[in-house]
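My notes follow the order in which I checked things.

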Amino acid sequence: MTKKIPFAKISISNKEKELVNEVLESGWLTTGSKTLEFERKFSEYINAPFACAVNSCTAALHLGLEALGIKPGDKVFVPSMTFTASAEVVRYLDADPIFLDTEYQTNLITPEILLDAIEKNPGVKAIVIVHFAGQAVRMNEIKEICSKNGLKIMEDAAHAFPTKYDGKYIGNFGDVTCFSFYANKTITTGEGGMLVTSDEEIYKRVKVMRLHGINRDIWDRFTSDKPSWEYDVVEAGYKYNMPDICAAVGLGQLDNAEVFRKERQKVIEIYYDKLSSLTELDLPICHDAIENHSWHLFPIVLNEKANITRNDFITKMSELGIGTSVHYKPIHRMTYYKKKYNLDEKDFPNAEKTWKGNVTLPLYPYMNKEDVLYVCEKIKLILNL
Ligand SMILES: *Cc1c(COP(=O)(O)O)cnc(C)c1O
């Protein structure tokens, strides 16, 4: 029988099932006590003052840029090598993304790239930082550059829980940090996200905008003993709150976040061990200690020495029962952005070099060692080694 190795696989324990059952039996399914508890425990976990749970990371990114005061016509730096959500939220506010190339083999924005971009594009208001695959950008240097140049920082940490940098968890560096609990992220709520900040004003703004621009939570209306029918609307807000059913799943997942991370690390250690010597592959470079990395993804690049295209490689892997993915087709190649901003591939040499051969290998907690070895063997087979 041929093997079936998925690209990603979630781990759900009895804890999540019990917590979801509690919610179902409580009669309160939308935002309530479980969401509050999830926010509290998440902010305690990363040791950041304020956390606001929402129904996606995309929602968190939208709320974050809005709270940072991004207005129509403003310019925001965004890496090209990321998921489209990092850029679309800039357009939601009628602002314009300025796309940046990233370092080869990490897909991270570096201080050098940012300094160069600031010189070429004066007056940019903010930057979206992506901790690609779960490795932290060099935030201390980036923060210094941003504060000198009046740039606000929003971190897209969709891959980066739990990721550490300079002894602290990601979530303690930029003005706003956004996490994702989408189905295939490091911990999941099915769909969900979390916005984290240390700025109380941003937190208050996000809480209001998260739920219709209402000046107090619906949750408060039904639980406080003050007269509860009256509320005011102070802005045309959004509908971005997290339901308690999702928060219940998140609470169970949170308990295992570090176990999951260590489990993924075991897998990538085998990948490095078995694949490092293959000159046809450029493996991800880990700049920091291996345990500071969340290891959400393991993206490799088939370089010019490989005797096969990326697309054929993916087909062959699939025929052998191995699921893979591509992170990412860079945004400067996407029709909408390419046309609207007249983007030229020549301005993104590292993203282009990556895009020619990028494939992401299967990676999830409790992946069998034999399965990891099978993936490595088949890669060698496909490359004729
Ligand atoms: C998954 C992802 C998002 C969006 O997360 P959702 O929770 O699905 O909205 C944003 N940015 C990056 C880099 C992602 O990988």
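**Helix packing and ligand surroundings**

I began with α5 and α6 and noted that α5 passes α6 in a right-handed crossing. The model is a predicted one. I looked up the geometry of this pair: helix α5 (residues 111–120) and helix α6 (residues 139–148) have axes 9 Å apart and pack at an angle of about 15°.

Next I listed who meets whom. From α5, Pro111, Leu114, Leu115 and Ile118 are in contact with Glu141, Ile142, Ile145 and Cys146 of α6.

I then turned to helix α10 (residues 257–275) and helix α14 (residues 369–382), whose axes cross at roughly 30° and come within 10 Å. That makes α10 roughly parallel to α14. The crossing of α10 past α14 is right-handed. On the α10 side I found Val267, Ile270, Tyr271, Lys274 and Leu275, which meet residues of α14 including Val372, Leu373 and Ile379. The contact of α10 with α14 divides into nine nonpolar, three charged and no polar residues.

Last, the ligand. Which residues are closest to the ligand? I noted Thr58, Asp156, His159, Ser180 and Lys185 as the closest of 15 residues that surround it. The side chain of Thr58 has an N or O atom 2.6 Å from an oxygen atom of the ligand. For the side chain of His159, I wrote down 2.8 Å from an N or O atom to a ligand oxygen atom. A polar side-chain atom of Lys185 is 3.2 Å from an oxygen atom of the ligand.

Definitions and conventions:
Residues are numbered from 1 along each chain as its sequence is written. This is a predicted model: local features need pLDDT of at least 70, side-chain atom pairs count only at pLDDT 80 or more; totals for chains, interfaces and linings use all residues. Side-chain values use heavy atoms; hydrogens and water are left out. Axes are lines fitted to C-alpha atoms, for helices over the stretch in contact, and angles run from 0 to 180 degrees between N-to-C directions. Helices (H or I, at least four residues) and strands (E, at least two) are DSSP runs, numbered from the N terminus. Angles under 35 degrees count as roughly parallel, over 145 as roughly antiparallel, 65 to 115 as roughly perpendicular and the rest as oblique. A crossing is left-handed if the near helix is turned anticlockwise from the far one by less than a right angle, and right-handed if clockwise. Contact means heavy atoms within 4.5 Å. Ala, Val, Leu, Ile, Met, Phe, Trp, Tyr, Cys and Pro count as nonpolar, Asp, Glu, Lys and Arg as charged, and the others, Gly among them, as polar. A residue is near a molecule or strand if one of its heavy atoms lies within 4 Å of it. A polar contact is a pair of N or O atoms within 3.5 Å; within protein, one must be able to donate a hydrogen and the other to accept it, and residues adjacent in sequence count only if both atoms are side-chain atoms.
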